[in-house]
Amino acid sequence: MRPGLLPIVATLALLHGCATRSGSLDAPPGVSILPSSFTEDACCLLHVRISGTDYRMLLDTGSNGCVVSDRIAKNAAGSKIARGDTLVDYTRGDVKVEATHAIRLDEVVLGKVRIVDLDAVVIDLSLLCTALGQPIDGLIGLKPFRTRVLTIDYPRRCVSVGDERLREDRDTLPIRHPHLPMVDVSIGRARLRAVLDSGSGLTALRPRDADGRTTGVEETIRSATISGEHTSRMIELAVPLDVGPLRFDGVRASVHDTRYPRIGLEELRRLRVTFDQLSRLVRLERVAAKPPTADSPSAACCERHDRPLLRGTAPVVYGLPNLYLEALAPRSREFPHANSSVNHGCGVIEENPGTEPVWFCPDCRAAERAWFEAHGNGER
Ligand SMILES: [Zn+2]
């Protein structure tokens, strides 16, 4: 984690507002991958297009509403909704945040998926941008995806919507709240309910959840929420945190006055999490193998071919990059994840440099092979 403004927490709820329409989802049958990237701290940023302009919005499962920046509000097609919206930051003793105004967005495009008629309140997000270390223009909660199944695969850095509903089994947990993905958890022998919050860096607990269950190691941390900057205690749990079938040991959690305890990204980032709001179930699975960071750290699904990347190997090559290919092949467009070789730069001569693990898209490799067949390889 970066020092300074962390963890970021963005859980909120709309209250006494007019901006209550959570949009309707238009998605093709089957699985659709949503264009996204992940920050170092595992925050998932959805790459959305609104009225022809690209923005990044934090996917925040701890929010029941949608928030946008003034930049979106100014440029987007949509209609203004009467003032008077108030957000409540439930992460901090129910602090109220006044929204400047609210807007109904005609359309939010996420690759092949569209959200139509999405209400959003407009607030200043500069503090959250600072905390994230990169600009975002909004927060988008789970609700717009309620008619489909939403999967965030953190280790493989892939977000998708699908139409195959979850069925109860040993990996699923019932959702215990009408608007938030709240599930039963235990901390040692204490039972409580916590929200699976993709907008929260650390797991967050109330003093009564943590008291008597910590190692005594403690630190003061700062965090950013929609209501401002806050200070809290960070503790380490001396007992395991159990979330359904999964056990987490040595959990570090922020302890402060909050209405809802939350399971944050430090835990979620090891999982594939599937939300089925219609069946009111969540599936939590540990998935192995994180993509190597040197190899396209921000994507583990192929946006061109709509499929998750596979783990494989590629020969290590040395020397100048193939300039012919670089110049002619629309590599980034046609086969962005072929990763058929790993270039370790020039100047090193090695007889048998071997192979390295990579993540690749089989369709990209096929497209690359076809390209070489059609164009030659430009060997000088
Ligand atoms: Zn591909």
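1. Arg 252 sits in strand E25; helices (H or I, at least four residues) and strands (E, at least two) are DSSP runs, numbered from the N terminus. Arg 252 counts as buried because it has 20 C-beta neighbours inside 10 Å. The cut-offs are these: a residue is buried if 20 or more other C-beta atoms lie within 10 Å of its own, exposed if 12 or fewer, and partly exposed in between, with C-beta atoms placed from the backbone.

2. The model is a predicted one, in which local features need pLDDT of at least 70, side-chain atom pairs count only at pLDDT 80 or more, and totals for chains, interfaces and linings use all residues. Residues are numbered from 1 along each chain as its sequence is written.

3. Not counting residues up to four places away in sequence, Arg 252 touches Leu 202, Met 234, Glu 236 and Glu 266. A contact here requires the C-beta atoms of two residues, placed from the backbone, to lie within 7 Å.

4. With strand E20 (residues 203–205) the sense is parallel, over three bridges, and Leu 205 stands opposite Val 255. With strand E22 (residues 228–237) the sense is antiparallel, over four bridges, and Ile 235 has Ala 253 as its bridge partner.

5. A separate item is the open sheet of six strands, ordered E4-E16-E15-E27-E28-E17 with antiparallel pairing. Its edge strands are E4 (32–33) and E17 (172–174), each of which pairs on one side only. Within the sheet order, E15 (residues 149–153) and E16 (residues 158–162) pair in the antiparallel sense over five bridges; Thr 151 in this pairing has Ser 160 in E16 as its bridge partner.

6. Ala 76 lies in the loop between helix H1 (70–75) and strand E9 (78–81). Ala 76 is classed as buried because 21 C-beta neighbours fall inside 10 Å. Leaving aside neighbours within four places in sequence, Ala 76 is in contact with Ile 50, Ser 51, Ile 103 and Leu 105. Between Ala 76 and Leu 105 the separation is 29 residues in sequence and 6.9 Å in space, C-alpha to C-alpha.

7. Helix H7 (residues 362–375) has 14 residues and reaches 20 Å from its first C-alpha to its last, close to the 20 Å expected at 1.5 Å a residue. That expected span is 1.5 Å times one less than the number of residues. Gly 376 follows H7 and has a positive phi, near 75°.

8. For the protein chain as a whole, there are seven helices and 33 strands. Of its 380 residues, 44% count as buried. Among contacts with a separation of 6 or more, 74% are between residues 24 or more positions apart.

9. On confidence, the average pLDDT (the predictor's confidence in each residue, from 0 to 100) is 82 for the protein chain, and 81% of the residues score at least 70. Residues 1–5 have pLDDT below 50, and this stretch has ten contacts in the model beyond near neighbours in sequence. Residues 290–298 are also below 50, with 14 such contacts. Where pLDDT is low, the predicted coordinates should not be read in detail.

Key. Two strands pair if DSSP finds at least two bridges between them.
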